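Colleague: I would like to learn how to read a structure like this one. Could we go through it feature by feature?

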Amino acid sequence: MATAWEDLPRVRLAHLPTPLEEARNLSRELGGPRVLIKRDDCTGLATGGNKTRKLEFLVGDALARGSDVLLTEGNAQSNHCRQTAAAAAAHGLECVLVLSPARCREMTGNLLLDYLLGAKVVTVASGAERMPRMRALAEELASQGRRPYVIPTGGSNGIGAVGYAVALHELLEQEPKVDAIVFCSGSGGTHGGLIAGARLAGYRGRIIGISDGEPRADLVERVRAVAAECLERLGRPGEVQASAIEVLDDYAREGYGVPNQKMIDAIRLVARTQGVVLDPVYSGKAMAGLIDLTRRGEFRRGQTVAFIHTGGIPALFAYREELGPDRVRQER
Ligand SMILES: *Cc1c(COP(=O)(O)O)cnc(C)c1O
């Protein structure tokens, strides 16, 4: 199966394979399954994260097409935009980011890194304005004789998702016996790529995407479409059934980027038992899901659950009020 992506254009950006760590203290604390943490926060690109794997194939495609400027969009604390800015810098491309104000407008976390990495940052007032503005900028650049390459939200199309088909292969090489994979699902590329990779590898375990705030049905449809596109890109086209896609939207009910107590508790537990730092928007909520599913008996002793740490560390600093010591003291 390793040959499925070998002929696709790709650049090297990530430190691979990322470590797969035994989370012994956390497993003991939960009294449940063996938990492994796949450290995709350690992909190494300007503080790492899951977008790096996708960008290896997206930037590869951009260079194959002779592009000279990358455009993408997200909120002000977008990990995807920060990793795209770094990938562009690493490959001598310009980068234009269209950002809308997130909960945090401060010059910190990912936004600060976007500037350091030399991206041209264009801000719009709302999320809905990002896409049309980005398209208009791409047309403007093209009319000036430039070769723009537009990367969709989160790098989640069939090309980017190939990075996670590769990741599934990598994970199974590190540990062939995995009963479930748990991670945060947002724009669907990670999830779609894992599903495509599972089909190639014949992996039969569970693939559980914890939504970052999107209602289940919408996210399932996006994951389905990305997985199908990805299989096509890998030369293995085939139907993907929505009914076979496992998305849980119970752990971000307050909405995208809005903190909740279970996320805060999960971040503290993993930090204090394992010395591993999760993020407040994605991996903290996904870990809250893993903990809850374990407590509800969905994962049992003797089983192996691989948690993909998708990164997001810079955004922690934009949430210092929820996560900092004042809050800790109040609760004690
Ligand atoms: C983007 C992101 C996700 C979600 O991944 P998708 O491929 O967009 O579904 C999860 N965690 C972090 C830290 C992210 O930046």
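Colleague: Which residue's side chain does a polar contact of 2.8 Å join to the side chain of R53?

Modeller: Before the answer, note that this is a predicted model. A polar contact is a pair of N or O atoms within 3.5 Å. Here the partner of R53 is D40, and the 2.8 Å contact runs from side chain to side chain. R53 itself belongs to helix α2.

Colleague: Is R53 buried or exposed?

Modeller: The word buried is used for a relative accessible area under 20%. R53 has 1%, so it is buried.

Colleague: Where does T72 lie, and which backbone oxygen is 2.8 Å from a polar atom of its side chain?

Modeller: T72 is part of strand β3, which covers residues 69-75. The backbone oxygen belongs to I151. T72 has a relative accessibility of 0%, and therefore counts as buried.

Colleague: Now the ligand. How many residues surround the ligand, and which are the closest?

Modeller: A residue is counted if one of its heavy atoms lies within 4 Å. For this ligand the count is 16, and the closest are K51, K54, G186, S187 and T310. Three elements each give at least two residues to this shell: α2 (51-64), β7 (180-185) and α7 (189-201).

Colleague: Which atoms of K54, G186 and T310 lie 2.6 Å from the ligand?

Modeller: For K54, an N or O atom of the side chain is 2.6 Å from an oxygen atom of the ligand. For G186, a backbone N or O atom is 2.6 Å from a ligand oxygen. For T310, a side-chain N or O atom is 2.6 Å from a nitrogen atom of the ligand. The ligand has 380 Å² of accessible area on its own, and the protein covers 97% of that area.

Colleague: What is the phi of A46, and what is the phi of T47?

Modeller: A46 is not a glycine, yet its phi is positive, about 45°. T47 also has a positive phi, near 85°, and is a residue other than glycine. The loop between β2 (34-39) and α2 holds A46, and T47 is placed in the loop between β2 and α2 as well. A46 has a relative accessible area of 24%, so it is partly exposed. T47 is at 42%, so it too counts as partly exposed.

Colleague: Which peptide bond is cis?

Modeller: The bond from L16 to P17 is cis, with omega near -5°. P17 is in the segment before β1 (20-22).

Colleague: Last, what separation do the C-alpha atoms of A89 and A119 have?

Modeller: A89 and A119 are 30 residues apart along the chain, and their C-alpha atoms are separated by 8.3 Å. A89 sits in helix α3, residues 79-90. At 44% relative accessibility, A89 counts as partly exposed.

Methods. Residues numbered from 1 in each chain as written. Predicted model: local features only at pLDDT ≥ 70, side-chain atom pairs only at ≥ 80, totals over all residues. Heavy atoms only, no water. Polar contact = N/O pair within 3.5 Å; in protein donor to acceptor, adjacent residues only side chain to side chain. Areas by Shrake-Rupley, 256 points an atom, 1.4 Å probe, with all protein chains shown as cover. Helix = DSSP H or I, 4+ residues; strand = E, 2+ residues; numbered from the N terminus. Buried < 20%, exposed > 50% of the residue type's maximum accessible area, 1.4 Å probe, protein only.
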